[in-house]
Amino acid sequence: MLSIDDARARVLGAITPLPSETVPIGQSVGRVLSADVVAASDSPRFDNSAMDGFAAAAGAPGRTLKLIGEARAGAPFAGRVGPGEAIRISTGAQMPADGQLGVLPLELATEAGGAVTFNDELTPGRNVRNAGEDLRAGATVLTAGTPIGPAELSVAINAGAGSVQCALRPRVAIVNTGDELVQAGAPLGPGEIYDSNGPMLAAMATLTGAEVISVGVARDDATATRDAIENALAADVVLLSGGVSVGPHDHVKPALEALGVREVFWRVALRPGKPTWFGSKDERLVFGLPGNPVSAYVTFVLFARPALRALQGADPVAPRGSARLGQAVERHAARDECIRVSIADGVATPTGPQGSHRSSSLAGADALAIIPRGEGTLAIGEQVAIEAL
């Protein structure tokens, strides 16, 4: 069986990044840049006030100056501010182009009869935001491969971008297998369970930037399984859940072989998630994930999520951190184990019983703690690698 890292390397080795498209800036959140964003102009574009107050030349406290006008955001003062003069100014308003001016806050000045008395010293540049202080024209402010969140959106807009180049969103099709699966909320018959994997995997793929084009259930029948997978192969990535083992009702592997999907690996030295399958057909990727919900979740995080990121040109895997175990954990002799943990003050504490059928262990989990295979028990306080969720 492959190690986690070897299996992930094989997944990433099968990937060809998707082409790019132009995306309006307001629709870019959740996408990944395929080209750098370069500032079209300085930001701020002009010197402006950081306070509501009065703009004037530098000077000592106790001066009384004549008020000659006002500068508001979007409505600059058109004249000059000479010696013995001041203007009212609002936060964000453009500073007069007189140089050596500063802004005294309202609370440090007294206004009366068309004049203002400064009750504090004013130094050049006090409470002034300088042009280009944030971004310089021509500077690269975001690089290709950067996922766009609200902060990156703000930076791109301030850099003057009305649109950005982004990788195409990977199209994902999800097929869950099993006669026992019932849609959420429907009445359950004997031996039936709710299909939680389909909605869960769809949500995880969407949060990774993918476009989920279909979510379906294939019954435990060879023809139905083959037909469902054949239809799913219209997507860039196929996520199969369940049916990848070797039981008499596991039809996924024969269906994949019949459809010309090349096996890259099957089985990983991992708990939970040993019977994970991965293959490809042309540039389409196919993941056969285990059917237990925790196993499907863990193997998506370890293998499918990096693939979806890599398809978009993003860094596929964030560097692993480390934490101290909050309780002792028994090791598995032959497989690395990913336990669900919450992280607080550098301590990783399991979120509850860790069986692969216990989806409740996913609630409240911040990371997977990777327990290396071996004999014995890892004691409280031992350092372990963690993979953020």
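1. Overall build. Please keep in mind throughout that this is a predicted model. The chain holds six helices and 28 strands. Its radius of gyration is 30 Å, well over the 21 Å that the globule rule gives for 389 residues, so the chain is more spread out than a compact globule. Along the principal axes, the C-alpha atoms fill a box of roughly 95 × 50 × 45 Å.

2. Burial and contacts across the chain. Of the 389 residues, 44% count as buried. If you take the contacts between residues at least 6 apart in sequence, 68% of them join residues at least 24 apart.

3. Helix α3 against helix α6. How do these two helices, α3 and α6, pack? Helix α3 covers residues 197-207 and helix α6 covers residues 293-311; the angle between them is about 25° and their axes are 11 Å apart. That angle makes α3 roughly parallel to α6, as it falls under the 35 degrees used for that label. The crossing of α3 and α6 is right-handed. On the α3 side the contact is made by Asn 197, Met 200, Leu 201, Met 204 and Ala 205, and on the α6 side by Pro 293, Ala 296, Tyr 297, Phe 300, Val 301 and Leu 308. By type, the residues of this contact are ten nonpolar, one polar and no charged.

4. The buried residues of α3. Which residues of α3 are buried? They are Asn 197, Gly 198, Met 200, Leu 201, Ala 202, Met 204 and Ala 205. The cover over these buried residues includes α6, together with the strands β13 (171-177), β16 (211-218), β17 (237-241) and β21. Following α3 you will find Gly 209, with a positive phi near 100°.

5. Helix α1 against helix α6. Helix α6 also meets α1 (residues 4-13): the two axes come within 9 Å and cross at roughly 30°. Helices α1 and α6 are therefore roughly parallel to each other, and their crossing is right-handed. From α1, the residues Ile 4, Ala 7, Arg 8, Val 11 and Leu 12 meet Val 301, Leu 302, Phe 303, Pro 306, Ala 307 and Ala 310 of α6. The residues of this contact divide into ten nonpolar, no polar and one charged.

6. Ala 86 in its strand. Ala 86 lies in strand β6 (residues 85-89). Is Ala 86 buried or exposed? Its relative accessibility is 0%, so Ala 86 counts as buried. Ala 86 and Ala 56 are 30 residues apart in sequence, while their C-alpha atoms are 4.7 Å apart in space. Leaving aside residues up to four places away in sequence, Ala 86 touches Ala 55, Ala 56, Leu 65, Lys 66, Leu 67, Ile 68, Gly 69, Val 81, Val 116 and Phe 118.

7. Ala 269, a buried loop residue. Ala 269 sits in the loop between β18 (262-266) and β19 (270-271). With a relative accessible area of 1%, Ala 269 is buried. Beyond residues up to four places away in sequence, Ala 269 touches Met 1, Leu 2, Ala 334, Arg 335, Asp 336 and Arg 373. Thr 223 is 46 residues from Ala 269 along the chain, and their C-alpha atoms are separated by 31 Å.

8. Cis peptide bonds. Two bonds are worth a look here. A cis peptide bond joins Ser 43 and Pro 44, with omega about -5°; Pro 44 is in the loop between β2 (37-38) and β3 (48-49). The bond from Arg 271 to Pro 272 is cis too, with omega near -5°, and Pro 272 is in the loop between β19 and β20 (277-281).

9. Asn 127 has phi near 60°, a positive value in a residue other than glycine, and Asn 127 lies in the loop between β9 (115-118) and β10 (128-129). Asp 282 is not a glycine but has a positive phi of about 55°. The loop between β20 and β21 (284-289) is the place of Asp 282, and this residue is exposed, with a relative accessible area of 68%.

Note on methods:
Residues numbered from 1 in each chain as written. Predicted model: local features only at pLDDT ≥ 70, side-chain atom pairs only at ≥ 80, totals over all residues. Heavy atoms only, no water. Axes fitted to C-alpha atoms, helices over the stretch in contact; angles between N-to-C directions. Helix = DSSP H or I, 4+ residues; strand = E, 2+ residues; numbered from the N terminus. Parallel < 35°, antiparallel > 145°, perpendicular 65-115°, else oblique. Left-handed = near helix turned anticlockwise from the far one by under 90°. Contact = heavy atoms within 4.5 Å. Nonpolar A, V, L, I, M, F, W, Y, C, P; charged D, E, K, R; others polar. Rg over C-alpha atoms; globule rule 2.2 N^0.38 Å. Buried < 20%, exposed > 50% of the residue type's maximum accessible area, 1.4 Å probe, protein only.
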